[in-house]
Structures are given as structure tokens and as C-alpha cells.
Amino acid sequence: MSAEDLGGAEQVGGTGRAAAPERVGIDELLERVRAGFDRIGPQEAAAAATDGALLVDIRYAALRERDGLIPGALVVERNELEWRLDPQGSHRAAEAVSHDLPVVVICNEGYASSLAVASLRQLGLHRSTDLVGGFQAWRAAGLPVTPAAADG
């Protein structure tokens, strides 16, 4: 069996076992991921939404209930993101119409969203990016926020 047969993994001592994956800390991983796309600020995100970009809020329910919502943003919790935004997926959201769709992923502070964008880009959503500083930066910029629905 070749390394190619193992999905590109190197063999260890001819045993057919894959070499241990490279160990990388989260800070380095974020740096690597973010080098692959241009992140945007709150004003740019608002302008992108006006121009047709899909804002996607991946914060969990407790944060949305506590802090509110960005009007017009699609709420998709992180664990469902790829299934809901894959234009070819059987569980896609109605808004997931094309791999060319500009998507701005928003988490609470701009960390989880960067990792989410890397995943979306692997699915071919090449115009995906995230909001530097996340929802908290949006709110601090004075952009619109509405209370979460009481029925959650």
C-alpha cells in the first residue's frame, strides 16, 4: 500500500501505519487558517450584506438570547454549518444557492468563525470569510442588533 493509498499519509517503518499528525497549537492553527483569506470588519460586513452577502451567525443559543441578533443574519449553530451551507447538501438552507455565494461567518469574538470559514472553503465556498471581533465587534460598532425572540 502506498502513501497515496493512505490519503497522502506517510508510512512508518513500512508497517502501513500512518505517521503521527503534525502537532500544532490553536494560535498557530488560527494564524495558518487566517492566512488563506481576507477577514473583514463590522462596517465591511454590513456593506457586504447590503450587496447580497449572507451573514451567518454561528453563536450558540445562550449568547444569542443574552446579546441579541443581527437583523437578516441566518442563524446556524456551528455544529450544523457545513450541512446547512453546502449548496449540494440534502440539508442545505434555502439561502445556500451557490458555491459563489459570499458568506460572512460571525461567532461571538471572531475565533471559531475563522475555523468555520476554513471548513466552508474546503466545501468550495470560496467567497467565505469571517468578521474580525465577531458579534461583539458588530455591536461595539453601533450596528443594528435586535433582541432574540422570547420563545428561543
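Biologist: Which residue just after α5 takes a positive phi?

Modeller: This is a predicted model, in which local features need pLDDT of at least 70, side-chain atom pairs count only at pLDDT 80 or more, and totals for chains, interfaces and linings use all residues. Residues are numbered from 1 along each chain as its sequence is written, and side-chain values use heavy atoms, with hydrogens and water left out. Helices (H or I, at least four residues) and strands (E, at least two) are DSSP runs numbered from the N terminus. Just after α5, at a positive phi of about 100°, comes Gly 124.

Biologist: In what order do the elements of the protein run from the N terminus on?

Modeller: The protein has 6 helices and 4 strands. From the N terminus on, these elements run α-α-β-α-β-α-β-α-β-α.

Biologist: What is the order of the strands in the open sheet?

Modeller: Two strands pair if DSSP finds at least two bridges between them. β1 and β2 run parallel and are joined by 2 bridges, β1 and β3 pair in the parallel sense over 4 bridges, and β3 pairs with β4, again in the parallel sense, over 3 bridges. The open sheet of 4 strands, with parallel pairing, therefore has β2 (74-75) and β4 (128-130) at its edges, each with a single partner strand and one side left without a neighbour in the sheet. The order is β2-β1-β3-β4.

Biologist: Which residue of β4 is the bridge partner of Val 104?

Modeller: Val 104 is also the bridge partner in β3 of Leu 55. On the β4 side, Val 103 has Ser 128 as its bridge partner, and the partner of Val 104 is Thr 129.

Biologist: Is Thr 129 buried or exposed?

Modeller: Thr 129 is found in strand β4. Not counting residues up to four places away in sequence, Thr 129 touches Phe 37, Asp 38, Arg 39, Ile 40, Val 103, Val 104, Val 105 and Val 117, where contact means heavy atoms within 4.5 Å. Buried means under 20% relative accessible area, exposed over 50%, and partly exposed in between (1.4 Å probe, protein chains only). At 9% relative accessibility, Thr 129 counts as buried.

Biologist: At about what angle does α5 run to β4?

Modeller: Helix α5 (residues 112-122) lies across β3 and β4, and its buried residues, among them Val 117 and Leu 120, pack against α1 (26-34), α4 (81-85), β3 and β4. Axes are lines fitted to C-alpha atoms, for helices over the stretch in contact, and angles run from 0 to 180 degrees between N-to-C directions. On that scale, α5 runs to β4 at about 175°.

Biologist: Within what arc do the buried residues of α2 fall?

Modeller: The buried residues of helix α2 (residues 42-50) are Pro 42, Ala 45 and Ala 46. The arc is that of the directions from the helix axis to the C-beta atoms, and seen down the axis of α2 these residues line one face of the helix, because they fall within an arc of 100°.

Biologist: Which elements do the buried residues of α2 pack against?

Modeller: After α2 comes Gly 52, with a positive phi near 110°. The buried residues of α2 pack against β1 (54-57), β3 and α6 (134-140).

Biologist: Over the face of which residue does Arg 59 lie?

Modeller: A charge sits over a ring if NZ of Lys or CZ of Arg is within 6 Å of the ring centre and within 35 degrees of the ring normal. Arg 59, at 3.8 Å from the ring centre, lies over the face of Phe 135.
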